[in-house]
Amino acid sequence: MPIPTTTMLLAREANYSGQGRFSSADCSHVLGRYLPVNSPGQIDRMNSEAYVSQFSVDGSLLVAGFQGSRIRIYNVDNGWKVEKDINAQSLRWTITDTALSPDQRHLVYSSLTPLVHIVNVRTGMTDSRANITEIHEHLDFSVDGDRDSFNIFSIKFSTDGRELVAGGSDDSIYVYDLEANKLAMRLIAHTDDVNTVSFADESGHVMFSGSDDNLCKVWDRRCFAESGKPAGFLEGHLEGITFIDSRGDGHYFISNSKDQTTKLWDIRRMSSTTKSRTPRTYYDWDYRWMDYPAEARNQKHPCDRSVATYRGHSVLRTLIRCYFSPTHSTGQKYIYTGSFDKCVYIYDVVTGAIAAKLAWHNDAIRDCSWHPYFPVLVSSSWDHVVARWEFPGSPADSPA
């Protein structure tokens with residue numbers, strides 16, 4: 001049984017460890033029991049669907065992106081007030097992704113177009129209307145200048161902030177050199193839309209990609225420019241990959257899929273080739289407007305290389321995202337994900353059990369984000385609301 005929190009607090013006060021404080025492992029052991037499950041408060045309500053919600057690395061800022069050309073950056077430490085209200089430029093249908101630079105000075109946003117825009121978020125001006133009150137510089141990811149040629153679904157800064165990596169609807173991964181202000185590389189990486197890209201760790205050398213071809217691939221940037229081939233393949237999903245999140249240790253990552261599962265992967269189990277075709281029964285199934293066939297839920301991939309599979313949530317209509325819980329406050333003992341059924345699901349990584357199911361929204365939850373240090377979780381929904389969930393105790397009850 002877990003050691004009671006009161007016992008650990010008494011030991012800390014008596015300085016049994018000789019350090020005068022909790023270790024990082026102790027902090028995550030205690031805080032990991034306090035899940036952000038309290039009925040949420042509304043951070044903001046807009047007039048269009050919320051697609052993106054992400055805390056900055058230090059938790060001081062929250063970025064939320066909406067279908068209706070708006071991106072808002074909230075100052076978490078200042079009562080969640082709007083620090084930057086961005087009216088996006090050249091938007092097509094919706095904001096598909098946003099990313100803050102490592103120094104939190106610039107934000108990039110993508111849409112269903114090869115153009116990505118970059119904004120200085122530290123100008124001190126709250127109202128940022130594209131090329132009216134502030135410059136939103138466009139970064140052209142198209143190879144031949146055709147700005148209707150493909151869409152960008154996922155975009156990430158490199159760890160040094162000098163490059164952007166993106167996944168597109170033309171089966172490709174793109175690398176953009178920000179210092180040279182030009183496209184540095186296009187790699188035809190999959191045989192269908194590349195919905196998600198992610199770095200394996202802080203080194204930035206190894207990347208993961210996920211596609212509608214049902215495959216997760218591992219790429220080593222130190223050699224793929226010459227070979228054009230992935231370092232390895234990870235099979236197991238029966239439908240397209242909607243999102244990938246890395247554990248940050250260079251080994252493990254998770255993926256959300258249209259087969260209605262999240263899977264945990266260890267790249268040490270990857271193969272150099274794909275072993276078989278993905279078994280399919282429902283060739284005419286389309287997740288954009290159809291429910292997943294009940295008979296297909298029990299189907300298994302014959303060459304599944306995943307470590308674990310998590311079931312319960314639904315991945316329909318949009319590229320729903322999943323994440324590891326924070327290292328500092330939980331020791332990454334949970335996986336959490338949005339869901340089409342209007343809930344946020346929190347799974348225990350080891351047992352696969354649903355540790356919590358957060359129900360409050362009135363429509364699909366595409367994205368969610370757990371504060372890096374506190375038991376606070378933010379969810380963004382198609383009901384136009386960005387909401388904040390907390391541990392159901394007053395600040396005085398907090399174990400911190």
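Trainee: In which loop does Asn181 lie?

Mentor: Strands are DSSP runs of E with at least two residues, numbered from the N terminus. Asn181 lies in the loop between β13 and β14 (182–188). Although not a glycine, Asn181 has a positive phi of about 55°.

Trainee: What is the relative accessible area of Asn181?

Mentor: Buried means under 20% relative accessible area, exposed over 50%, and partly exposed in between (1.4 Å probe, protein chains only). At 39%, Asn181 is partly exposed.

Trainee: On what basis are such values given?

Mentor: This is a predicted model, in which local features need pLDDT of at least 70, side-chain atom pairs count only at pLDDT 80 or more, and totals for chains, interfaces and linings use all residues. Residues are numbered from 1 along each chain as its sequence is written, and side-chain values use heavy atoms, with hydrogens and water left out.

Trainee: How are the side chains of β25 arranged?

Mentor: In a regular strand the side chains alternate between the two faces of the sheet. Cys343, Tyr345 and Tyr347 point one way from β25, while Val344, Ile346 and Asp348 point the other way. All of these residues are buried.

Trainee: Which strands does β25 pair with?

Mentor: Two strands pair if DSSP finds at least two bridges between them. β24 (residues 334–337) runs antiparallel to β25 with 4 bridges, and β26 (residues 354–359) is joined to β25, also antiparallel, by 5 bridges. Tyr347 is the bridge partner of Ile335, whereas Tyr345 has Lys357 as its partner in β26.
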